Amino acid sequence: MLAPLQGVTNRALRACFIDRVRPDTVFTEFMQARNQGPKALSAADRREAGAVHGNVPLVAQLIGHRPEVLVLAAQTAQAAGARHLNFNLGCPFGRHTTGLSGGALLSRPDLLPEIVFALRAAISGSFSIKLRAGYDDLEQIFSLLPLFAAAQVDFLVLHPRTVVQKYGGNADHTITARVVKETPLPVIANGDIVSAAQGKEILQTTKAAGLMLGRGAIADPRLFSRLRGLAPERPNAGELQQDFVDYLGDLLTRYEPLFCGEQQILAKLKEVPAFVTDPRLLPLAQQLRRARTLQDFRALLSF
Ligand SMILES: Cc1cc2nc3c(=O)[nH]c(=O)nc-3n(C[C@H](O)[C@H](O)[C@H](O)COP(=O)(O)O)c2cc1C
């Protein structure tokens, strides 16, 4: 699965991934459940909602904390065509935390049963939850598993960090392995997967039902193909660089009609090299981040 990354995994980037490496499932960026009657979702979010993107299942992700507003948002998304809905219990940033949405909601586990049962009742297709292992304690998830099973959630996506950790330290996939053992629900492992070898090891050691790839795949979409044995597991520097240049060139062509104005297109493109960690790509990634014009960016891609 391709992870949702707010501000990054827009429609054009998802299409680029679908055409190049076809993830088995893609997610929308989170959609804020708003307290405004029939306009429970913004017009832009309603346009994003759908059952598939191309021919790949699309999961619409909701964020919020009031059960009645979330139910309205779920109904609105479904009326707009969504079939798979996901509830965000992981986002560690911004007003979503102060407003008790996303990961912050894990600090109020007493609110969860009403929300989870209400969403399950309102969602006719698949209902999944994407969550951190806990608010400030990695063991918290174990107290929530009975609720998720009782509510017949279809699957969980687990990022085994706490909310207060944000992105510090490492994802602790020993927690994922224990969660897989303890719950009857399928668990998708997410967090810090940047190489095929590592992804395979996490699948093997946790017995997770699948993997969700975020930052690692944004930097190297072929991580999907590497995990499937369809591309070199350890690409050489030349292959890696050529792939990266082709991918950014492809993205540039897709961003031009979607975002208006050179500076906006450039800013959106620059988000991708920000996720590069492979030392063999870092010099190029840093140059791309410093490009001042689209022309400079393009010139760097045709070195
Ligand atoms: C810039 C950014 C935006 C994100 N936006 C979302 C989001 O909209 N919904 C969500 O569930 N998670 C979001 N996440 C979390 C990722 O989906 C993922 O769980 C996290 O990055 C760990 O996976 P990774 O190490 O493979 O990136 C975001 C992460 C980043 C870095």
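## Exercises on a predicted model

Just after helix H6, Gln152 has a positive phi of about 55 degrees. The model is predicted. Work through the exercises below with the structure in view.

**Exercise 1.** Find which residues of H6 (residues 140–150) are buried, and explain why they lie on the same side.

*Solution.*
- Step 1. Count neighbours: a residue is buried if 20 or more other C-beta atoms lie within 10 Å of its own. In H6, Ile141, Leu144 and Phe148 are buried.
- Step 2. These residues cover an arc of only 65 degrees around the axis, so they sit on the same side of H6.
- Step 3. Recall the general rule. An α-helix has 3.6 residues a turn, so residues three or four places apart point the same way.
- Step 4. Turn to the face of H6 that points away from the buried side. Ser143, Pro146 and Ala150 are exposed there.
- Step 5. Look for the packing partners. The buried residues of H6 pack against helix H5 (112–122), strand S6 (126–134), strand S7 (155–162) and helix H7 (173–182).

**Exercise 2.** Describe how helix H11 (residues 237–258) and helix H12 (residues 262–270) cross.

*Solution.*
- Step 1. Take the axes. They come within 10 Å and cross at roughly 145 degrees.
- Step 2. Assign the hand. The crossing of H11 and H12 is right-handed.
- Step 3. List the contact. H11 supplies Leu248, Leu251, Leu252, Tyr255 and Glu256, while H12 supplies Ile265, Lys268 and Leu269.
- Step 4. Sort by class. The contact has 6 nonpolar, 2 charged and no polar residues.

**Exercise 3.** Which residues come nearest to the ligand?

*Solution.*
- Step 1. Of the 22 residues around the ligand, the nearest are Ala3, Gln6, Phe30, Gly214 and Arg215.
- Step 2. Sort the shell: 10 polar, 8 nonpolar and 4 charged residues.

Terms used:
Residues numbered from 1 in each chain as written. Predicted model: local features only at pLDDT ≥ 70, side-chain atom pairs only at ≥ 80, totals over all residues. Near = placed C-beta within 6 Å. Nonpolar A, V, L, I, M, F, W, Y, C, P; charged D, E, K, R; others polar. Axes fitted to C-alpha atoms, helices over the stretch in contact; angles between N-to-C directions. Helix = DSSP H or I, 4+ residues; strand = E, 2+ residues; numbered from the N terminus. Left-handed = near helix turned anticlockwise from the far one by under 90°. Contact = placed C-beta atoms within 7 Å. Buried ≥ 20, exposed ≤ 12 C-beta atoms within 10 Å, placed from the backbone. Arc of directions from axis to C-beta.
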